Amino acid sequence: MAEIRFEGVDKHYGKVEAIKNLNFVCEDKDFFAILGPSGCGKSSTLRMLAGLEDITSGSLYIGGRRVNDVKPSERNVAMSFENFGLYPHFTVYENLAYPLTVKKMNKADIREKVLVIAQEMQLTSILNYMPGSLSNGQKQRVSIARALVRNPDVTIMDEPLSHLDAELRGYMRHKIKHTHRALGLTTVYVTHDQVEAMTMADKILIMNHGVIQQLGTPDEVYFNPANEFVAGFIGTPQMNFIACSIQSEGTAVSLINPYGLKVVLSDEQKHMLGGHAGPVKLGVRPHNIQMFTEKTSGRLMTGEVYIVEPLGETNIITIKVGDIQIKAETEPSFKPKLNDTVYFDISSDKCHLFDGNTGKAFF
Ligand code: ADP
Ligand code: MG
């Protein structure tokens, strides 16, 4: 069992409070992604897990054992880092064999394990090379293979694909995910790339400024973001945020803005809004905006085409509405020209609503 539990963990570097009150559980055999922008505390979290960094306060458990004071070598945590960490005077084969040699496994078993992982990671043809002669992409794969070869309780990876080109990155995403499943690993995977987190992980922990924003499955963080930060971080193109005020007419409650927006809330949405009457932000993903070239209904908002980005399957149209910009994802046949006037509507059942002050989601 390799359940990982952070309980009230803080990490300070001198006066820098890098991690604040980290509480989460990564379950045995989970592929667990830690996602957030640069500097949010991802590597610090991972380094505490590996035992490379002291824990300022709180407790860390691996498999039910408190490991705050357990040495890295006694944790059975295997790592692959952004800067590879390969032994420069060992061949690729020797780098892969090393963690097994340390475990005093016999030579034939080591050879078998190394050849299997080398095959998985497409390293067979370079097993006799020295790290210095490898491309960054190859070094990265050796580093990942070395982390996986020894069947660790926990495998941790810190931005392992950041040096690879787009094609190899896609390939390695599949490989790592497949290997995780095939070997029954517990993997903690740090990335700033939401696509990596969404496509690979069972659970995603989203952090910002050293504070957990949300922990959930890819579906949960995408469809039910806990706050404006998560909503804006997950999904491309990014969700639109539109500052609104709340208007009550009889029993009807609507979101309005000075540019003609009016979204009438459903009974369920009204319930989730509670009695809140302060400023709010409407959140709507670009593909939930309908665009028209003609004003066919009284409720449409009007904008002016600012940028058209054709992507083949869809177009991303940025429109200016007063002093805000809104992105919509449309059918490829919808191709307005720059500065054209267009009309749009928002699916109210697809919209999100956030507290304008705290960013917390109502729905
Ligand atoms: P991430 O991996 O998400 O980019 P880090 O965990 O590396 O974030 O860093 C979190 C915060 O802690 C940042 O503000 C960073 O500058 C600071 N930090 C990280 N390592 C050190 C260190 N050794 N000394 C001082 N500050 C550090
Ligand atoms: Mg980092």
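The model shown is predicted.

**View 1. The shell of residues around ligand 1.**

**View 2. Polar atoms facing the oxygen atoms of ligand 1.** A polar side-chain atom of Ser44 lies 2.6 Å from an oxygen atom of ligand 1. For Lys42, a polar side-chain atom is 2.9 Å from an oxygen atom of the ligand. Gly41 takes part through its backbone: an N or O atom there lies 3.0 Å from an oxygen atom of ligand 1. Ligand 1 taken alone exposes 560 Å², and the protein buries 57% of that area.

**View 3. An open sheet of five strands.** The strands follow the order E13-E12-E11-E14-E20, with antiparallel pairing. Strand E13 (262-264) and strand E20 (352-355) are the edge strands, each pairing on one side only. From one strand to the next, the twist averages 40 degrees.

**View 4. The pairing of strands E11 and E14.** Strands of a sheet pair through backbone hydrogen bonds, either parallel or antiparallel. Strand E11 (residues 240-249) and strand E14 (residues 280-284) run antiparallel and are joined by five bridges. Cys244 stands opposite Val280 of E14.

Methods:
Residues numbered from 1 in each chain as written. Chains lettered and ligands numbered in written order. Predicted model: local features only at pLDDT ≥ 70, side-chain atom pairs only at ≥ 80, totals over all residues. Heavy atoms only, no water. Pairing = 2+ DSSP bridges. Helix = DSSP H or I, 4+ residues; strand = E, 2+ residues; numbered from the N terminus. Axes fitted to C-alpha atoms, helices over the stretch in contact; angles between N-to-C directions. Polar contact = N/O pair within 3.5 Å; in protein donor to acceptor, adjacent residues only side chain to side chain. Areas by Shrake-Rupley, 256 points an atom, 1.4 Å probe, with all protein chains shown as cover.
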